[in-house]
Amino acid sequence: MEAHHYIAVDLGATSGRTVLGTIDKDGLRIKELNRFPNKIIAVGGHCFWDIFALYDSIKEGLRVAAQEKIEIDSIGIDTWGVDFVFVGDDGTILGLPYSYRDPHTVAASQRFFEKEMSRDEVYKRTGIQFLNFNSLYQLYALRESSSSLLNAASKLLFIPDALSYMLTGNMVTEYTIASTSQLLDVHKRDFDHALLNTVRLKPDNFAKMVMPGTVIGTLREDIAQEVGLPGLPVVAVAGHDTASAVAAVPAVDKNFAYLSSGTWSLMGIEIGSPIVSEAANRSNITNEGGLEGTICFLKNITGMWILEQCMKTWKLAGKNFTYPELVAMAESAPAFVRFIDPDDVSFVNPSNMLEAIDEYCRKTGQTVPSSDAEYVRLIFESLAMKYRMVLDLFQSYADFPIERLHIIGGGSRNRLLSQMTANSIGKEVVAGPAEATAIGNIMIQAWAKGLVSSLGEMRKVIADAVSVETFVPEDMAQWECGYAKFKEIIK
């Protein structure tokens, strides 16, 4: 098999990178080309993304790729969800895109439900979880403020589609990224006209909807000359980074759940049709777009955010713990002494996370941690227990037995938490790949090239190429007792 080379642009809310993926007779390999910050720009009380800086950094990655002196097959871009760019009648990008962290969406969803459409009706139509910064409420807030940008806009492009437009001159709306907006009819998988009417938009304000694996166009001639690459195809991968990551789950059958683990954890199952029941609405489970017509039926869980915020506080006190040190500390601390609910509102963004944990413990009748190690232990154990609770919820919806949990993303490197999770859920945990999003991006480009013909074949290539570690449940009786205590504390 001849070698095929793909460039994956993977943009997160704090940093981005370009990655070179190679598929040949030896399997799949990846190599980071460049990494760059993605900074929020605060101006006049609003928060924006510098899409032009991102564009420049992507071009720098392409220059580095050109220095490899190899034939590149294509480029694909994935990003975080919900945010978008305005484009004028003449094709000019209008200003900088708002960040989902902009305060103008505070209480916008509540005003929307009161004046436009009920919360239950929105969920029935879209199947999307309620987050104050969903595109729907961003647009509503802009409409309320008579935004000059919105009034001047001819088209709206979601962030990965906007960057692809800047590279090719062609506009598309990629389905998986659009599905995060809460503007799509979850059954028709296209824009919901009634919801568009609430923000006074029409389907014509969006580019043609395309599915992952569609070739958008080729690299503009001026850019190709600037970076030293030919007019490469630019592919609409799963533009939503979660969908690209889920595509990279190295599953051998459908009887699995996934956990994309990082600062935030996304746990879910892959289903063929959306579930928009009252129970799913109450549980705030989302139905986002996936590959081959699948639905990523998933729920957000607070992940390593709590530990990361503790680390900030420790650092101010001169304690610069490494992750291996933190894991060793957790292993040394006693088990099942105390628990927190990672999703409690008190942990959203406290000024001091250690104090927030202490207050939660006092409020729930528990002793406060007496050492740094005990904080780490309670965070890891509480996450493992919360994963059990959410996995049980998903089993109640799945029409198949969930036999294993695939942990992907950076958190899959945490062997202690993976073992704790296996113990808690009583099922096999398969950890890896850590680079799931970039790998999914690359493999969707390979799909567009015809190198693989299905999601199943894609996952087989990934399973053969990446190293994973399997954890089997241990000490289940003790963990069952610990889970009973956890449920009692957080109820």
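Where in the chain is the place of Asp341? Asp341 sits in the loop between α13 (323–332) and α14 (353–363), where helices are DSSP runs of H or I of at least four residues and strands are runs of E of at least two, numbered from the N terminus.

Before I go on, please keep in mind that this is a predicted model, in which local features need pLDDT of at least 70 and side-chain atom pairs count only at pLDDT 80 or more, while totals for chains, interfaces and linings use all residues. Residues are numbered from 1 along each chain as its sequence is written, and side-chain values use heavy atoms, with hydrogens and water left out.

Is Asp341 buried or exposed? Asp341 has a relative accessible area of 13% and is therefore buried, a word that stands for under 20%, with exposed being over 50% and partly exposed in between (1.4 Å probe, protein chains only). If we leave aside neighbours within four places in sequence, Asp341 is in contact, meaning heavy atoms within 4.5 Å, with Phe347, Tyr360, Lys386 and Ile490.

Ile357 itself, together with Phe86 and Phe380, touches the most other members of the largest nonpolar core, which has 98 residues. Such a core is a set of buried Ala, Val, Leu, Ile, Met, Phe, Trp, Tyr and Cys residues joined through side-chain atoms within 4.5 Å. Helix α15 (residues 372–397) gives the most to this core, namely 14 residues. A second, separate core holds 43 residues, among them Ile7, Tyr55, Leu219 and Leu229.

Let me turn to helix α4, which spans residues 135–144 and is mostly covered, with nine of its 10 residues buried. Those buried residues, including Leu136, Tyr140 and Arg143, pack against several elements, among them β7 (84–87), α2 (108–115) and α8 (193–198). Just after α4, Ser146 takes a positive phi of about 50°.

Finally, the whole chain, whose secondary structure comes to 19 helices and 21 strands. Its radius of gyration is 23 Å, close to the 23 Å that the globule rule gives for 491 residues, so the chain is as compact as a globular protein of that length; the radius is taken over C-alpha atoms, and the rule is 2.2 Å times the number of residues to the power 0.38. Of the 491 residues, 61% count as buried.
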